[in-house]
Amino acid sequence: MNRRTLLIQLLGLGGAALGAPALANSPRPSSAASAPGALPPALLPPASLPPPKLPFQPVRGPIPLASDGLSAAEQRQRYGRLSLEDRLVLPEGYRSELLLRWGDRLGEGRFGFNNDYLAFLPIAKDRALLTVNFEYISARPWCAGYEEISGEVLPFQFLAKELARRGDSVDLASLAPSDPLRQPLLAVASAAMADLGIGVAELRRDASGSWRHQPGRLDRRLSGLTGWQRPEQLLRSSGPAAAVFRRQQRLGYNDGLGDRVIGTFANCAGGQTPWGTVLSAEENIQTHVVEAVYADGSSPSPAERPFSFDGARLEGLGNPFGLAGNKYGWMVEIDPRQPERPAVKHSWLGRYRHEAVAVKARAGEPLVVYSGCDRHGGHLYRFVSAAVIRDPQDGANSRLLEQGRLEVAQFQPDSSGRWIPLSAATPLAPVPPSHYGRHGLSQACLLPHSDRRRAGAEALQSDQDLQAYLGRYRRLADLYPGGGETQMGAILIDAHLAANAVGATATARPEDTELDPLQGDLLITFTAGGSDGEGRADPAIFRGPAGESSWPYGWVMRLEDGPAAASAAGGNFRWRMVATGGTPWQGGLGFANPDNLAIDRRGNVWLVTDRSTSSSELDVFGNNSCWLLPASGTTGSGTAAAGTAAAGADPSGTGATEALLFATGPMECELTGPCFDGDETTLFLAVQHPGEDNAAHLPGREEFQAHQLQDRDGRPFEQLRRVPLGSNWPSGVAGRTPRPAVVAIRRNDGAALLG
């Protein structure tokens, strides 16, 4: 039965059932059509068993789970009809408090749009700093709410109409000074850039135990245009790429700034260092600047990424300001305690679509930094410093980020792996197209263009084409001319294609890397295994519970790394999947598209999801959510869904076989940036892009979805779901524009979150 037929049948049951008490009072479920070849029913505990002993009673989500405590008959009744809610749903006994919203004053600017990564840094008793990334602009809610939060009116309609008349995009540099489009374009682009970047907010804990924003001298904003009009605020760059930026002779564009950089944007995930600085990851820079580079590391002209805006999408923000694309896509270090200290883009950490960073700092060892490239076919990287650490808390450790080596991971199906250095001498050994063909897939080999006068990639469709390429180029030094710092800088600037060339494993969009404080292993979220038409995850490594070569629901991996030596490049590691996304009847744990992680002192893994609202296949999972993967399992919880144990659903290595639903977010949002205060009585969460697809929710604006689910006995049943379109969060006022914001979640009794 297809989804449309099912929906018609369910609607034929009558609309009155939608107002039934079971619908109104129960947290909301979700659904997905049962795929051909689905795994056998889950082997779950009989309904007669007492409910498991849990640290909290999990929120009841949109699909049946082992932890919902319902019999098969009760699951069919409770999940048959439901409505999604436009609010942050938490377990009983917990509450959320609004901390900062888009538009609130912060330093010399305002709290930005689409808050993502959060970092909590205590600075005194009951005082702390919260560092926040602002990633991108969701055009519909941003335009709808801009006048309210700023008091300014921007010419959105004129700009969209005029751009449509001129072919949808324009290069500002090509416009005459008197062109009527110039000033409206600059006004909108400047406002958008002001809402991106990084913020630091001073917090104080009041007598009730709640954290509040208390404006102070350490409040700070770095935007996408920091330094554009005030050169003393320009960002610094370190490492070999700085030598590339300083070169006067180049194949591409020169912004005239040398090794200084205007602003930071596309700031997604991040991490903290033991010495108190924050690393902020620039991710999807290709939306706003040219990503491709020439062989010498220089960037094509900003004209190749023109400005565009149609009311739904806002792109090419770097174009009006002449930004050089090779200066974005880096890891940015800031010290929240020192607003006068310039932010630094560390080029030894590589340029790619950075998402996530984990810092390993042990006395007597090199500094090791892990990060992932969030794209289909992106790679996992580690940086190893040239010098060793003496004191992990010494602020001078920032200098260790300025000299070392960058390595990229190659995974093997036998759960082993090795690190390949990205150096001039490394031989080329790309994965051939036939590797994917053996798995029934088609994937070209993307390598630096064989015409080294051209920027970007070349797609080699066959092994024969690849062999001809390797006949011309044998080492990275053959692809990136010159020598010394400038050659190394060009390799680091073009890290993704260089990694393809040396045989790095194409992964499934690595979105976070976190170090387990108890075991020392690296946990990695891979959000989705599939393809975007350009890259694809390696099907020999990233397989579904039944061996599927594409698995859109994601995984969590545990990687046990070998020692990194300052003097010897490379090294080995072991890996295993420890949690698999997907519905229980598919072999998953009930979540989809794991994104950010936080690991508490007990080793419990807190996980938030980022499922796309543009995929009907993922609609079954409902609103994005926050989950707890317990470190030591759940007493009496029984066995997880069929196939889950085989997938290694045990993030801590101590027997956890369930993911417990802790929170669901408002409509069309993503929950991001989970982090704790010092005593773990508060969980900070960023609610990003509520109402992204439809902006403000208006009464009566909704759609109905039909889904096929399975109960705990493996029997299929139908669900009819009401889905509001748009959001009014956090105000809750009908028709009011939604605003991204950060919340602080606490227990009502003030105890530790899992105390």
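The model is a predicted one.

The largest cavity holds about 250 Å³ of space. A total of 21 residues line the largest cavity, and those closest to its centre are Gly-377, Tyr-436, Leu-446, Asn-500 and Ala-506. Two elements, β23 (445-448) and α12 (495-502), each give two or more residues to this lining. Sorted by class, the lining of the largest cavity contains 8 nonpolar, 8 polar and 5 charged residues.

**A pair of helices**

Helix α5 covers residues 156-165 and helix α6 covers residues 182-194; their axes come within 10 Å and cross at roughly 120°. The crossing of α5 past α6 is left-handed. On the side of α5, the contact is made by Phe-156, Phe-158 and Leu-159, while α6 contributes Pro-184, Leu-185 and Val-188. The class count for this contact of α5 with α6 is 6 nonpolar, no polar and no charged residues.

**Two backbone features in loops**

Two places in the backbone deserve a separate description. The peptide bond that runs from Trp-729 to Pro-730 is cis. Pro-730 is located in the loop between β36 (716-724) and β37 (741-747). At Ala-266, phi has a positive value, and this residue is other than glycine. Ala-266 belongs to the loop between α7 (240-246) and β12 (267-272). The angles are set out below.

| Site | Backbone angle |
|---|---|
| Trp-729 to Pro-730 | omega near 5° |
| Ala-266 | phi near 60° |

Technical notes. Residues numbered from 1 in each chain as written. Predicted model: local features only at pLDDT ≥ 70, side-chain atom pairs only at ≥ 80, totals over all residues. Heavy atoms only, no water. 1 Å grid on protein atoms, 1.4 Å probe; cavity = no way out; pocket = protein on both sides within 12 Å on 5 of 7 lines; lining within 4 Å. Points joined across faces, edges and corners; volume = space filled by probe spheres on them. Helix = DSSP H or I, 4+ residues; strand = E, 2+ residues; numbered from the N terminus. Nonpolar A, V, L, I, M, F, W, Y, C, P; charged D, E, K, R; others polar. Axes fitted to C-alpha atoms, helices over the stretch in contact; angles between N-to-C directions. Left-handed = near helix turned anticlockwise from the far one by under 90°. Contact = heavy atoms within 4.5 Å.
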